[in-house]
Amino acid sequence: MIRLENVSKVYSRGARPALDGIDIEIERGDFVFLVGSSGSGKSTFLKLILREERPTGGDVYVAGRHLNKLSAWRVPHLRREIGAVFQDFRLLPNKTVYQNVSFALQVIGKGRREIDSTVPEMLELVGLAGKERRMPHELSGGEQQRVAIARAFVNRPPILLCDEPTGNLDPGTSVGIMRLLDRINRTGTTVLMATHDDEIVDQMRKRVIELKGGHLVRDQDRGVYGLERA
Amino acid sequence: MRLRFIFGEVFNGLRRNSTMALSVVLVTFVSLTFVGAAALIQTQIGQLQDDWYGQVEVSVFLCPVQSVEEQCAQGEATPAQEQAILDVLENGSVAALVESVEYESKEEAYENFEARADSSLAQYLTADDMQASFRVKLTDPSQFQVVADATQGLPGVEEVQDQREIFDQLFAFLNAATLVAAGLAAVMLLTAVLLITTTVRLSALSRKRETTIMRMVGSSRTLIQLPFMLEGAVAATAGALLAALGLWFGVQYLVQDWLSSSVGWVDYVSGDDVLAIAPWLIVIAFGLAAFASLLTLGRYTRA
């Protein structure tokens, strides 16, 4: 589903590479934690997959596409195959819960009928049935993140990228979000989650990929957050 | 769905950014009014040339009784000299250019003068103070110089005058007016482009959140950028329509109603001429907006 072959990324000439010689393969239906301290290259990793950045060296394959050769006008099609969730939710403050989710379908040209049937289903899945008409500021942080996940997943992409989705949430709420992501993963969706949250990683016991200074230092099935605690 | 989305975004953008949109409308309005005015002046010049050049004559003035001109030192033109001049015009090398020749004797000239001018002035003059002339109509008025050269040096000719010279001053004035209008238009159009650029940029920045999400969920670049482009285009087109309307009213009330009643012998531009240039004004407005948007959008809604 996602494959990186000897991928390097250098942002400015002479600077230390953000990623250096990364080889990794993530299969369809995997649930993978991407861990590492700030500046380890996690964000660059995600940006390469979303093709917000291009690699300086090596090849990136996502959802059957060779991203090095993907022309700019095909990029939107790639992004429709990848749902993205962020630490800061990125909801539109002047739209209701329902509108926030339907917006994602509207702007990729889906018809009204499809939107009207898919959006309530998705809100049901993330546990927000009955809150369709709330505005984002009327929701708790956990609920806002659920809206963001609904928006990312409403198009049923085969890949879900999560960049610190629990970073702004308290532990109790985070568990709820993780259950939701786990449920989405069980539908066959590949989930790649960058995180700092050691408790969650330790609890879930999923595959863990650790980056350090741009190098891949660990790729472990059923791993935990820190090596020293394994 | 997409169309509704696009138009909804355009409408929202214009509403949220209404002062900027209004300023774009007004600046395009003023600049295109100047463009239109320049075009109308040129149309007017064209009409006058068609109208007048067909009627103008070349006047070959013959030596009068007392002339201070050197070539008339031998006194009044004799009938033999007159015949020689007529021969040149009707049978000579320039005959092909000449449509008709009319002879106006000094007595006729006096009568015409008397009829036209104050009789109080005419009473101090006699037919001998006037001069005889040939009034030559040309098949092609622009060939004046050839006819003038052929007759200028002939004995008995005092002066060859092209009536177009009288109009040429008017046309020179109108052409200068066109240049002024076009110059102002150019400056205003530049202002319009800069203003549209700023407006589109502001609009794009104020909707950064939306466009970021649109990019993220994979909406096409067209769908992301089109609303901004249309926003500028709609405002600019509104300005063009206002300009067309303003010009139409100007022509209708200033030129047709007012100028025609005070100076009636001219065929003025009409509302139809404004309608003829209106589509071009809209095309210019639309093109400007598209150009300005392209200039800006690449940077602010990166795909």
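The contact between the two chains takes 15 residues from chain B and 19 residues from chain A, two residues being in contact if their C-beta atoms, placed from the backbone, lie within 7 Å. On the side of chain B that touches chain A, α1 (2–16), α8 (208–217) and α9 (221–262) of chain B each supply at least two residues, and α8(B) gives the most, with 6 residues. The residues of this side of chain B comprise 8 nonpolar, 3 polar and 4 charged, where Ala, Val, Leu, Ile, Met, Phe, Trp, Tyr, Cys and Pro count as nonpolar, Asp, Glu, Lys and Arg as charged, and the others, Gly among them, as polar. The model is predicted, so that local features need pLDDT of at least 70 and side-chain atom pairs count only at pLDDT 80 or more, whereas totals for chains, interfaces and linings use all residues. Residues are numbered from 1 along each chain as its sequence is written, while chains are lettered from A and ligands numbered from 1 in the order in which they are written.

Chain B contains 10 helices and 4 strands, these being DSSP runs numbered from the N terminus (helices H or I, at least four residues; strands E, at least two). The radius of gyration of chain B, taken over C-alpha atoms, is 31 Å, whereas a compact globule of 303 residues would have a value near 19 Å, by the rule of 2.2 Å times the number of residues to the power 0.38. The C-alpha atoms of chain B fill a box of roughly 100 × 40 × 30 Å along the principal axes.

In chain A, helix α3 (residues 97–106) is mostly covered, with 9 of its 10 residues buried; a residue is buried if 20 or more other C-beta atoms, placed from the backbone, lie within 10 Å of its own. Among the buried residues of α3(A) are A:Tyr98, A:Phe103 and A:Leu105, and what covers the buried residues includes α4 (112–125) and α5 (141–153) of chain A together with α1 and α8 of chain B.

Helices α3(A) and α5(A) pack at an angle of about 25 degrees, with their axes 8 Å apart, and are therefore roughly parallel to each other, a term that applies to angles under 35 degrees. The contact is made by A:Val97, A:Asn100, A:Val101 and A:Ala104 of α3(A) and by A:Val147, A:Ala150 and A:Arg151 of α5(A), and these residues divide into 5 nonpolar, 1 polar and 1 charged.

Definitions and conventions. Buried ≥ 20, exposed ≤ 12 C-beta atoms within 10 Å, placed from the backbone. Axes fitted to C-alpha atoms, helices over the stretch in contact; angles between N-to-C directions. Parallel < 35°, antiparallel > 145°, perpendicular 65-115°, else oblique.
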